[in-house]
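Open the model in your viewer and keep the sequence panel beside it. The stops below say what to select and what is there.

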Amino acid sequence: MASVLGRPSPLRLGLVARRTTTTTNTIAATASGSRVLSPFLPSSTHNCYPRRYKSGPYGYTLAKTLVFSRFGEPKDVLSLHTHSISPTLPDGAVLLRALAAPVNPADVNTIQGTYGAKPSFSPLLGTPEPAAVPGNEGCFEVVSVGAQTPGLARGDWVIPATSGFGTFRTHALVEDAARQLIRIGGEKGTEGLSAKQVATVSVNPCSAYRMLKDYVDLVDLSVKSFARGGDGATGGAWFLQNGANSGVGRSAIQLGRLWGLRSINVIRERATPEETEALKKELQELGATVVVTEDEFLDRSFSARLKEEWTRGGREPVLLGLNCVGGKSASAMVKALSPGGCMVTYGGMSRQSFPFPTGPQIFKRLRFEGFWLSEWAKEHPTEKRNTINEILEHMRNGRFKEAPFQEVEWGWDTEEKVLKDAVQGTLEGFRSGKGIFVFGDT
Ligand SMILES: NC(=O)c1ccc[n+]([C@@H]2O[C@H](COP(=O)([O-])OP(=O)(O)OC[C@H]3O[C@@H](n4cnc5c(N)ncnc54)[C@H](OP(=O)(O)O)[C@@H]3O)[C@@H](O)[C@H]2O)c1
């Protein structure tokens with residue numbers, strides 16, 4: 001979480017708690033809130049501005065944030081909390097305004113308490129109980145800059161440098177901004193980029209990029225295969241993935257295309273054959289070589305099809321499998337991978353585990369790896385920034401398309417339920433796009 005919930009006292013950070021407004025936008029200070037408020041505001045202040053937007057008296061910024069104080073389903077544990085931020089920023093700090101923030105499956109798992117990283121619950125936002133702000137990804141605009149904050153200026157767009165920032169909020173006061181934020185765009189700034197592209201670049205595209213590059217050198221394999229020439233190579237090296245229509249899957253397809261790789265992509269059937277065909281076509285247009293449904297993938301005939309239809313009798317190996325589903329789909333992936341291949345598990349959307357079968361580990365010498373972007377990024381902070389910049393450049397040039405979105409507008413008057421439903425719906429499957437908060441008049 002951003003240092004807004006970190007070590008310093010709320011007074012030092014200028015954070016002032018107010019009661020959450022859920023169904024009206026009338027704002028009133030709570031008893032605990034007014035205790036925190038007293039050094040800053042006259043006690044009657046809250047009566048003076050029943051409807052305020054963005055800016056309070058003395059330049060205070062009014063902010064809203066989703067918070068949770070215990071683990072559980074988002075609809076049960078999230079609430080919308082209102083607080084104020086002082087115009088006086090500590091040295092090295094910046095005040096940010098949110099532009100867009102996607103809701104990723106990991107955000108929901110974090111709220112449920114099933115994710116690998118647990119947030120710390122802090123009292124600093126003045127919530128009735130210590131709370132955490134959900135959300136890992138987002139694009140923010142710098143609103144004001146404290147003294148001694150090099151490299152950032154008002155109007156810059158930034159994204160969190162690390163996970164656990166807490167992005168489901170209208171504003172954030174970030175200490176140690178140079179370490180906690182990545183400024184977008186270098187000399188080119190934000191030219192040619194949308195806030196939604198920037199908000200969604202750091203998790204899914206980055207994960208796809210690293211998984212395609214860091215486990216099997218597919219680009220080198222492709223080059224060698226072409227160099228051998230004579231054996232009739234017809235394209236780059238193959239990789240196989242399930243959950244292919246996910247944000248990560250779409251990113252892998254597009255990066256694979258840019259790097260000359262070929263992909264076999266598994267999707268779940270849609271409600272009608274026409275919809276399934278439309279999704280297959282959509283992924284093919286992104287650069288997928290082959291798209292099959294999960295039923296086709298699990299069918300006995302798949303091995304023969306893989307050999308005869310796509311890999312020239314098995315002479316072109318499939319050495320990398322990307323698994324975000326688990327269960328039967330993961331077991332089918334084990335069967336489909338060629339000897340010496342590597343299966344990288346990075347998600348478990350079906351919530352089913354799968355056996356690590358003994359035979360394929362010995363006789364096919366398969367490798368099983370797990371990928372977690374957060375840990376990779378801790379160890380490779382510079383590489384993460386470089387990866388993001390490379391993908392943003394592809395986006396800028398129209399070579400990389402972001403995943404489809406279901407936009408949820410978050411304005412000052414947006415009701416708590418609308419925001420909670422958007423988070424809750426994330427793991428429900430068969431969605432037409434990823435939920436993304438797009439911030440309006442806040
Ligand atoms: N390890 C890491 O560092 C890392 C980084 C990024 C993402 N991830 C993981 O990658 C996965 C995809 O994330 P995302 O943000 O790209 O997802 P997303 O865009 O929200 O898409 C969700 C995907 O999961 C599929 N899905 C949902 N429920 C399913 C079920 N019960 N069985 C099979 N498939 C199901 C969806 O297929 P339908 O359209 O058919 O519902 C869709 O393909 C998640 O598990 C996420 O946690 C991990």
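Begin with helix H8 and select its buried residues: Asn-204, Pro-205, Cys-206, Ser-207, Ala-208, Tyr-209, Arg-210, Met-211 and Leu-212. A residue is called buried if 20 or more other C-beta atoms lie within 10 Å of its own, exposed if 12 or fewer, and partly exposed in between, with C-beta atoms placed from the backbone. By that count 9 of the 11 residues of H8 are buried, and the helix is mostly covered. Helices (H or I, at least four residues) and strands (E, at least two) are DSSP runs, numbered from the N terminus.

Before moving on, note what kind of model this is. It is a predicted model, in which local features need pLDDT of at least 70 and side-chain atom pairs count only at pLDDT 80 or more, while totals for chains, interfaces and linings use all residues. Residues are numbered from 1 along each chain as its sequence is written.

**Whole chain**

Zoom out. The protein has 18 helices and 16 strands, and 44% of its 442 residues count as buried. Two residues are in contact if their C-beta atoms, placed from the backbone, lie within 7 Å. Of the contacts with a separation of 6 or more, 74% are between residues 24 or more positions apart.

Now colour by pLDDT, the predictor's confidence in each residue, from 0 to 100. The average for the protein is 87, and 86% of the residues score at least 70. Select residues 1-14: pLDDT is below 50 here, and the stretch has 40 contacts in the model beyond near neighbours in sequence. Residues 19-53 are also below 50, with 54 such contacts. Where pLDDT is low, the predicted coordinates should not be read in detail.

**Ligand shell**

Which residues are closest? They are Ser-246, Gly-247, Gly-347, Leu-373 and Gly-429, in a shell of 25 residues. The shell holds 13 nonpolar, 10 polar and 2 charged residues. Helix H8 (204-214), where the tour began, supplies at least two residues of the shell, as do helix H5 (105-112) and helix H10 (247-258).

**Nonpolar core**

Next, select Leu-96, Ala-100, Cys-139 and Phe-239, which touch the most other members of the largest nonpolar core, a set of 100 residues. Such a core is a set of buried Ala, Val, Leu, Ile, Met, Phe, Trp, Tyr and Cys residues joined through C-beta atoms within 7 Å. Strand S4 (residues 94-102) gives the most to this core, with 7 residues. Stay on Ala-100: leaving aside neighbours within four places in sequence, its contacts include Cys-139, Ala-195, Ile-436 and Phe-439.

**Strand pairs**

Two strands pair if DSSP finds at least two bridges between them. S4 and strand S5 (residues 139-145) run antiparallel and are joined by 6 bridges; Leu-95 stands opposite Ser-144 there. S5 also pairs with strand S6 (residues 157-160), again antiparallel, over 2 bridges, and Phe-140 stands opposite Val-158.

Go to strand S12 (residues 318-323). It is largely enclosed by the rest of the structure, because 6 of its 6 residues are buried. S12 pairs in the parallel sense with strand S9 (residues 238-241) over 4 bridges, where Leu-320 is the bridge partner of Phe-239. S12 also pairs in the parallel sense with strand S13 (residues 342-345) over 4 bridges, and Leu-322 stands opposite Val-344.

Select Arg-268, in the loop between strand S10 (262-267) and helix H11 (273-286). Is Arg-268 buried or exposed? It counts as buried, because it has 20 C-beta neighbours inside 10 Å. Not counting residues up to four places away in sequence, Arg-268 touches Thr-293 and Glu-294. Its C-alpha is 7.7 Å from that of Gly-243, 25 residues away in sequence.

Finish with two backbone angles. Most residues other than glycine have a negative phi. Gln-148, in the loop between S5 and S6, has a positive phi of about 55 degrees. Arg-351, in the loop between S13 and helix H15 (358-363), has a positive phi near 60 degrees. Gln-148 counts as exposed, with 10 C-beta neighbours inside 10 Å, and Arg-351 counts as exposed with 10.

Conventions
Near = placed C-beta within 6 Å. Nonpolar A, V, L, I, M, F, W, Y, C, P; charged D, E, K, R; others polar.
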